[in-house]
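My notebook is open and the viewer is ready. I will write down what I look up, step by step.

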Amino acid sequence: MTFKCAACDWTPEQVGEFACLAPEIAYENGGFDENIFKCFQAASDNHFMLWYRNQLIIQSIRQFFPNAPRILEAGAGTGMVLSALIKEFPDRTIHASELFLSGLQIIRRIIGEAPVTLFQMDATRMPFDQEYDLIGMFDVIEHIDNDRLVIKNVFDALQPGGGLILTVPQHPALWSKADNAVHHKRRYRPGELQMKLKDAGFEILRATSYNMLLVPAMVLARALERGEYRPEREWDLHPALNALLLGVTKIEKLMLDAGINLPVGGSLIVVARKIK
């Protein structure tokens, strides 16, 4: 992909294979705890939370945007979702962005030589005009102060009729030390994200909570929180515990597969379409 402004011939700074659309912040890390990032990297895609989220995303693409040829994952993190997209949709053109170059380097190591265009970008300054058919942001916009601006930028970057899939944490009452540690700006209130999407011109195709069956455990864990947040407790699970939680999520997924939208849950997935 060639990045060049048609009006002024501007081209971004290039660092190795990565175009930097916001180079002044490309070498930062946002104050993100390196230990937390290492835990994210080490987590297998068999981790129940990652498996579940990937399954919901893939199912949503197949159901609502089965023929979207150009896909962007904005804020690809450590490449867990991106790896699943590459595997499930090998015939699509897939791009992925991250705010920091260090993240892009990790993603490239994770996905290997897969033919994916990776670039550095600040989502609050997304420069595209009708470039993509589908954009995904998976546990990303809760980290950004001005989420309305990001939603507007995504709207502009999509083709008419193009799709947006978002996953976010929800319910402010479930706020925990983990939210502080990973620099969340918010947990979304019921209906808040849908309202912001509609205000930007999106049509909501589906919105459902997930991780509903785990809410009692989440409430209990927050009530018992002591000391500093330890990410390994969340991401480096004993195989037996992970298998148990995976079984719970598979039961819940059967409800979602049947078309039931869950009213509560630790997370929310929203599928929206840019109105033509």
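Before anything else I noted what a contact is: two residues touch when they have heavy atoms within 4.5 Å of each other. The model I am looking at is predicted, so I noted its limits: local features need pLDDT of at least 70, side-chain atom pairs count only at pLDDT 80 or more, and totals for chains, interfaces and linings use all residues. Residues are numbered from 1 along each chain as its sequence is written, and side-chain values use heavy atoms, with hydrogens and water left out.

**Entry 1: a proline in a loop**

I began with P66, which touches I61 and R92 when residues up to four places away in sequence are not counted. P66 sits in the loop between α2 and β3 (70-74).

P66 has a relative accessible area of 40%, so I logged P66 as partly exposed.

I also checked P66 against F89: they are 23 residues apart in sequence, and their C-alpha atoms are 9.6 Å apart in space.

**Entry 2**

Two packed helices are described by the angle between their axes and the distance between the axes. The axes here are lines fitted to C-alpha atoms, for helices over the stretch in contact, and angles run from 0 to 180 degrees between N-to-C directions. Angles under 35 degrees count as roughly parallel, over 145 as roughly antiparallel, 65 to 115 as roughly perpendicular and the rest as oblique.

I took α2 with α3 to start. Their axes are 10 Å apart and the helices pack at an angle of about 45 degrees, which makes α2 oblique to α3. The crossing of α2 and α3 is right-handed; a crossing has that name if the near helix is turned clockwise from the far one by less than a right angle, and is left-handed if anticlockwise. On the α2 side the contact uses L50, R53, N54, I57, I58, I61 and R62, and on the α3 side M80, V81, A84, L85 and E88. I sorted the residues of this contact into 8 nonpolar, 1 polar and 3 charged. In this sorting Ala, Val, Leu, Ile, Met, Phe, Trp, Tyr, Cys and Pro count as nonpolar, Asp, Glu, Lys and Arg as charged, and the others, Gly among them, as polar.

I then zoomed in on N54, which is in helix α2. N54 touches M80, V81 and A84, leaving out residues up to four places away in sequence. N54 has a relative accessible area of 8%, so I wrote it down as buried.

Next came α2 with α10. Their axes come within 9 Å and cross at roughly 20 degrees, so α2 and α10 are roughly parallel to each other. α2 passes α10 in a right-handed crossing. Residues that meet here include W51 and Y52 in α2, and L245 and L246 in α10. The contact of α2 with α10 divides into 7 nonpolar, 4 polar and 4 charged residues.

**Entry 3: the nonpolar core**

Which residues touch the most other members of the largest nonpolar core? I looked up the term: a nonpolar core is a set of buried Ala, Val, Leu, Ile, Met, Phe, Trp, Tyr and Cys residues joined through side-chain atoms within 4.5 Å. The largest core has 40 residues, and L82, V116, L118 and I165 touch the most other members. Among the elements that give two or more residues to this core are α3 (80-88) and α10 (239-257). Helix α2 gives the most to this core, with 7 residues.

**Entry 4: positive phi values**

I finished with the backbone. Q130 has a positive phi of about 55 degrees although it is not a glycine, and Q130 lies in the loop between β5 (117-120) and β6. H183 is not a glycine either, and its phi is positive at about 65 degrees. H183 is in the loop between α6 (177-181) and α7. After α7 comes G201, whose phi is positive, near 110 degrees.

Conventions. Helix = DSSP H or I, 4+ residues; strand = E, 2+ residues; numbered from the N terminus. Buried < 20%, exposed > 50% of the residue type's maximum accessible area, 1.4 Å probe, protein only.
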